[in-house]
Amino acid sequence: MKVLILGGDGFCGWPSALHLSMQGHEVAIVDNLSRRNIDNELEVQSLTPIQPPSIRLQAWKALTGRVIAFERLNVAEEYDRLVHLLGDLRPDSVVHFAEQRAAPYSMKSSWHKRYTVNNNLNATNNILAAIVESGLDIHLVHLGTMGVYGYSSVGVELPEGYLQVRMTAADGAEVEQEILYPPNPGSIYHLTKTQDQLFFAFYNKNDAVRVTDLHQGIVWGTQTRETCLDERLINRFDYDGDYGTVLNRFLMQAAIDYPLTVHGSGGQTRAFIHIQDTVRCIELAIVNAPAPGERVKILNQMTETHRLIGLANLVSNLTGARIEHVPNPRREADSNDLSATNAGLLGLGLRPTTLREGLLKEVTEIAKRYTSRCDRRRIPCVSTWTRDNAPGLAMAKAGEAGNQRMQ
Ligand code: USQ
């Protein structure tokens, strides 16, 4: 199959490109290198020494003889180039990772909120409009998030995207309808993914675009079978307070003797998936495209759920790291239950890599190997969801209250 990967230089995009290329697919990458530029903005770098795209691709060719094409293009802004590219490449599938993916980054300021909305929604609308304009029957595979559901299973297992509802009509008759599961985003980033769902539903209904929307949990791990082949292929490892995700942060914190930063009580439950399973799920999605005329296929791309304090205890027991409960910079429930089905991907052949498989150690070892690249000042999560939980403001408020009491 011919596969075009939008955002193919990123944390999930790069290992997916290599995996699909290894499986014999003809792969091309589009990326505007925005993630690397955000590293510059935040004055932080991947813990692992990622190479520039040209070196990565040369190394891949030298090692495997396989060629991955690369085009530097901004999907959210360069619509005409995108349409021409689709016409030139005529891909069977487009995998869409070309979105700003960090919740804390999306909440840093009004600028970051607006950037995330402009980038993500325009990127999604552009690729859908471009597929329609190309006249080609291209299957779009999108990386969505489990966060579209919010993080409560209200006592029932979260379904894969859709919900059957029953309403009472004016004449008293019972009416059944299938709707998208009610979205409940917890950040501007997650909000963009809930809005993406409406773009997919519309273009699917109006233009019969075939879409698979993968609702992914929190990815952990860093290396896949292909990125391990040579250090020049190494995947990125984000550890900073904006882009680092929780389990990788805990593992890296343990490796450098930094207390594990549990937000609040740690009673939050989230869905997880290992990066090796991410790339496998992308492959399963592209080879199992929806049939012409089929509604948007929504699959929950996660393999297990865990409470954060449970993960912190696991890492602490493994490494001896100390746990520190820090004030939560986010507006989120301090504790929740979460259960979700992943029957779709299991049915297609996914064999989950779980936390038990010894890979926690492997991540800690990678973190240890590159400890010298870590800037400890970048570890705290400083992006706050509201003005009220900005630590500086909270302190100022406490000070004000103290002053008032003294007057
Ligand atoms: N958390 C801590 N300590 C930390 C960092 C985070 O306790 O040092 C907590 C957060 O408060 C939150 C949970 O861990 O309760 C998850 O945070 P996260 O940064 O690991 O993940 P999140 O912001 O939800 O976003 C990540 C990816 C995003 C993806 C999403 C899947 O960045 O692209 O869509 O996971 S999901 O969480 O299922 O929505």
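Predicted model: local features only at pLDDT ≥ 70, side-chain atom pairs only at ≥ 80, totals over all residues.
A polar side-chain atom of Thr145 lies 2.8 Å from an oxygen atom of the ligand. For Arg249, an N or O atom in the side chain is 2.8 Å from a ligand oxygen, and for His190 the corresponding distance is 3.0 Å. On its own the ligand has 740 Å² of accessible area, of which the protein covers 96%.

Salt bridges were searched for across the whole structure, and 23 were found. One of them links Arg56 to Asp9, with the closest N and O atoms 2.9 Å apart. Arg56 belongs to helix α3 (residues 53-64), while Asp9 sits in the loop between β1 (2-6) and α1 (13-22), so this pair ties together parts that are 47 residues apart in sequence. Both partners fall below the 20% limit that defines a buried residue: Arg56 has a relative accessible area of 1% and is therefore buried, and Asp9, at 8%, also counts as buried.

A second salt bridge is formed by Asp238 and Arg35, whose closest N and O atoms are 3.0 Å apart. Asp238 is located in the loop between β9 and α8, and Arg35 in helix α2 (residues 34-42), so the pair joins parts separated by 203 residues in sequence. Asp238 is buried, and Arg35 is buried as well.

In a further salt bridge, the side chains of Asp230 and Arg232 meet at an N to O distance of 2.9 Å. Asp230 counts as buried because its relative accessibility is 18%, under the 20% limit. Arg232, in contrast, has a relative accessible area of 35% and is partly exposed, a class that lies between 20% and 50%. Salt bridges with shared partners also build a network, which joins Arg35, Asp39, Arg101, Arg236 and Asp238.

Met22, Leu63 and Leu229 make a nonpolar surface patch of about 240 Å². Leu229 is found in the loop between β9 (218-220) and α8. With a relative accessible area of 44%, Leu229 is partly exposed. The loop that holds Leu229 is also the one in which Asp238 lies.

Leu355 is another leucine in a loop, here the loop between α11 (343-348) and α12 (359-369). Its relative accessible area is 7%, so Leu355 is buried. In sequence, Leu355 and Gly186 are 169 residues apart, and their C-alpha atoms are separated by 25 Å in space.

Methods
Residues numbered from 1 in each chain as written. Heavy atoms only, no water. Polar contact = N/O pair within 3.5 Å; in protein donor to acceptor, adjacent residues only side chain to side chain. Areas by Shrake-Rupley, 256 points an atom, 1.4 Å probe, with all protein chains shown as cover. Patch = residues over 30% accessible without salt bridge, like charges linked within 9 Å, V, L, I, M, F, W, Y side chains within 5 Å. Salt bridge = Lys/Arg side-chain N within 4 Å of Asp/Glu carboxyl O. Helix = DSSP H or I, 4+ residues; strand = E, 2+ residues; numbered from the N terminus. Buried < 20%, exposed > 50% of the residue type's maximum accessible area, 1.4 Å probe, protein only.
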